[in-house]
Amino acid sequence: MKHFALLAAALLALAGPALSQTVLSQTAGWGPGADDAAFSRMLASSFKGKGVATIDRLTQDETQAFCSNPVLAASPAAAAQRQRIEAANMATVKWPSDGQWLGDWKQGEALAQSGRGNTWSDKADTPNGGNCYNCHQISPTEISYGTIGPSLTQYGALRGQGEETLKAAWAKIVNAKASNACSNMPRAGHMGILGETQIKHLMALLFDPKSPVNAQPGPTK
Amino acid sequence: MDRASVGIMAFLAVSAAAVTVAYAQKDAAQDSIEAYREALQDGNPAELYEASGEELWKTPAGPKAASLERCDLGLGPGVVKGAYAQLPRHFADTDRVQDLESRLLTCMQTLQGKDPKPYIEASFTAPPKEEMNALAAYISGQSKDAPIAVTLAHPKEQAMYELGKRMFNYQGGPYDFACATCHGQEGTRIRLQELPYIPSAKGAAAGWSSWPAYRVSAGQMWSMQWRLNDCFRQQRFPEPVYTSDATIALSMYMAATANGATMKTPGIKR
């Protein structure tokens, strides 16, 4: 959560006047009743911290505030802002400290399966999962997969292991907003959900030729 | 195809494909298919909750030893039929936009003299909330087959709708999630659970018109407040206060978007 704190410093606090002005002036579409003061009051009176899900989670960083107005965020007028947000997120991405990109695909599969962590019913010491299967098809043997993200089946087999390819996937997992300001994918590394070792395991799941993700598709026996 | 048969189809799909999945998962999937089939054969178990909700509605209780039968749910004191299909709405006596559950708390306080606090603070499986869930089952059942008719005639209703729309898109927390992350695209799912695209009339109707619902996998009757609470949990947000404005605003946004669709309450879900 280090980076989060850092970004948060430059941010638009929950009831901050900065947010009121920027967001409201750009969002006439929200209607007069959803003026910022009313919205801030509503947030402040509607939630209570519970377990690990503390109330400060309602305080947005710049990326979250920008992406909370989807119409504006996707508009041509906001192109420069999108680029700036992507660059700020990209600047937080650290490459693997020992130059090794790939860990153990089996541990990667376990992480991809797990949706645990960070809800108010999780313990502080619950190991976080990656939530990947909630949104992606990954290994062809897992039929219970979500479709919010694209299929990652055959990921390495189709793309190879060139430096640029590895970097793009690494950056996507560490900070999904580095290449797509308002991606629906969480920033797993940036937000401290997964550490470097775990991200390597997930990279192996996607790229290791032995990973079922890259198994030769063919008639099943 | 109605929602129940869509649900059965989904479970059949799971069972057909489950051969390839790990055993533990397969067993769990098959167990819930069995439970779901059984529940449908016996009718919707929500009926039992409707019956106990009706009893709660009619039985004198609280310091004033009064029933809720004079409660005004928007169509006048004591009118239950069709009331749920027109909520949330603005109430002149409280000058608030209220959903069913917040309105029930108002009536429990004014008519019965009960303190709403234990109802607000209890967990969803504790006795005070069991009362709320049963009352929600009963009252929503009295709007089954009624068209959803939520107007934004009052300025506070309009304001609540706008706040709800904004809440729906408000990202936060360690995963950057908003309601829109999971319910903002057409035709997506999480694992095998289909996600309604709530900003569309059809998606809002799918979500709004089928809750409160009996959840077969949990064996529980869930009100809309409970449904929203669990989505906020998955969103990794802090916990919404029961009947808080954020929850009412979201309900207003969904109900108004679903306007004209037919209520199917109480529903039955996996």
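## Helix H4 of chain B

B:Leu100, B:Glu101, B:Ser102, B:Arg103, B:Leu104, B:Leu105, B:Thr106, B:Cys107 and B:Met108 are the buried residues of H4(B), where buried stands for under 20% relative accessible area, exposed for over 50% and partly exposed for what lies in between, with a 1.4 Å probe and protein chains only. Helix H4, residues 100–110 of chain B, is thus mostly covered, with 9 of its 11 residues buried; helices (H or I, at least four residues) and strands (E, at least two) are DSSP runs numbered from the N terminus.

## Basis and confidence of the model

This is a predicted model, in which local features need pLDDT of at least 70 and side-chain atom pairs count only at pLDDT 80 or more, whereas totals for chains, interfaces and linings use all residues. Residues are numbered from 1 along each chain as its sequence is written, chains are lettered from A and ligands numbered from 1 in the order in which they are written, and side-chain values use heavy atoms, with hydrogens and water left out.

The predictor gives the complex an ipTM of 0.89 and a pTM of 0.89. For chain B the mean pLDDT (the predictor's confidence in each residue, from 0 to 100) is 89, and 84% of its residues reach 70 or more. Over residues 1–26 of chain B, however, pLDDT stays under 50, and the model has 26 contacts for them beyond four places in sequence, a contact being heavy atoms within 4.5 Å. Where pLDDT is low, the predicted coordinates should not be read in detail.

## Annotated sites in chain B

In an unreviewed entry, UniProt lists B:Cys179, B:Cys182, B:His183 and B:Cys231 under "binding site". These residues span 53 residues in sequence, yet no two of their C-alpha atoms are more than 10.5 Å apart, so they gather at one spot. UniProt positions follow the numbering used here, feature names are shortened, and annotations may be inferred rather than shown by experiment.

B:Cys179 is found in helix H8 (residues 179–183) of chain B, and B:His183 lies in helix H8 as well. B:Cys179 counts as buried at 12% relative accessibility, and B:His183 is buried with a relative accessible area of 13%. Leaving aside residues up to four places away in sequence, B:His183 touches several residues, including B:Phe168, B:Tyr197 and B:Cys231.

The unreviewed entry in UniProt also lists B:Arg227 under "binding site". B:Arg227 is found in helix H10 (residues 224–234) of chain B and counts as buried at 16% relative accessibility.
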